[in-house]
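Q: How does one read the features of a protein model? Please go through a few of them with me.

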Amino acid sequence: NEEILHSYGCHGAAELLRTYGFVETSPYTSTLLTVEQVVAAASVFLCSQGGKALKEQAVTDRLNALRKAGRLPIGDLFQLATTISTSLLTLIQVLIYNKTELKAWVEHGSPQLAADTLISEIEVVGILLQVAEQARAAICRDSQDSCGAAGGKSVISASGRSAVAKTLRDEQQRVIREFKKAVIMLAMGQDGGDEEDEDDDEEEEEEGGDDDDDEEEEDEDENDEMQDAKRRKL
């Protein structure tokens with residue numbers, strides 16, 4: 001007897017529920033995020049750090065530059081998944097560019113900005129974590145609304161709808177947690193070089209200390225030999 005395997009395709013949890021009527025963990029699960037949500041997250045983080053919210057005209061100018069370069073997704077909707085998309089990193093970095101940086105980016109052909117092009121790691125990482133928090137809150141809010149709006153007849157009981165909604169919410173929350181881990185790894189990756197440099201410095205200091213000790217011992221030996229020579233002369 002041969003095992004028969006059936007694939008439902010590369011679908012996330014929501015699509016599996018909508019198309020096939022069940023929910024399970026899927027590597028393709030994601031949650032939608034609008035450009036406006038990213039802009040709001042950036043303003044919230046910048047204000048929390050003592051800065052100012054993004055000005056409306058500045059945001060408009062930067063979004064126009066991104067659209068002209070084709071750097072925004074279709075419908076201005078990002079898919080927040082277990083990894084950080086280059087398009088999301090590009091949007092965040094361009095949003096916090098000053099006028100000079102924005103002009104230089106446009107003059108260089110408006111390239112995509114990946115993790116290795118971060119100008120301000122702290123701000124980018126902080127905004128990404130704020131984006132994740134807003135997505136988490138939106139998932140909880142949407143789940144409560146869907147559970148509360150149970151009007152009309154349905155083949156699924158109220159308890160069944162609640163269980164399905166919880167399963168879908170849990171799967172989406174899992175994605176948010178994995179996204180946060182990816183953000184933390186991004187931050188650690190930026191700091192990794194510094195830690196290695198510190199380790200190298202410590203090793204050099206230890207080696208230098210050993211060399212100094214050896215030199216001191218050699219000096220002491222030379223002094224002892226000189227004293228012995230003087231005694232022999234006397």
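The dialogue below takes up the strands, then a helix and its ends, then the core.

A: One point before the features: this is a predicted model.

Q: Which way do the side chains of β1 point, and which of them are buried?

A: In a regular strand the side chains alternate between the two faces of the sheet. In β1, Thr31 and Leu33 point to one face and are buried.

Q: Which residues make up the covered face of β2?

A: Phe78 and Leu80 form the covered face of β2, while Leu77 and Gln79 form the uncovered one.

Q: In what sense do β1 and β2 pair, and over how many bridges?

A: Strand β1, residues 31–34, pairs with β2 in the antiparallel sense, over four bridges. Thr34, for instance, has Leu77 in β2 as its bridge partner.

Q: What is found at the start of α5, and what follows this helix?

A: At the start of α5, a side-chain oxygen of Asn98 comes to within 3.1 Å of the backbone nitrogen of Thr100. After α5 comes Gly109, with a positive phi near 90 degrees.

Q: How many residues does the largest nonpolar core have, and which have the most contacts inside it?

A: The largest nonpolar core has 41 residues, and Val38, Leu91 and Leu128 have the most contacts inside it. Among the elements that each supply at least two residues of this core are α2, β2 and α7. The largest share, eight residues, comes from α6.

Q: Which residues is Leu128 in contact with, leaving aside its neighbours within four places in sequence?

A: Leu128 is then in contact with Ile84, Leu88, Leu89, Ile92, Phe179, Val183 and Leu186.

Technical notes: Residues numbered from 1 in each chain as written. Predicted model: local features only at pLDDT ≥ 70, side-chain atom pairs only at ≥ 80, totals over all residues. Heavy atoms only, no water. Core = buried A, V, L, I, M, F, W, Y, C linked by side-chain atoms within 4.5 Å. Buried < 20%, exposed > 50% of the residue type's maximum accessible area, 1.4 Å probe, protein only. Contact = heavy atoms within 4.5 Å. Pairing = 2+ DSSP bridges. Polar contact = N/O pair within 3.5 Å; in protein donor to acceptor, adjacent residues only side chain to side chain.
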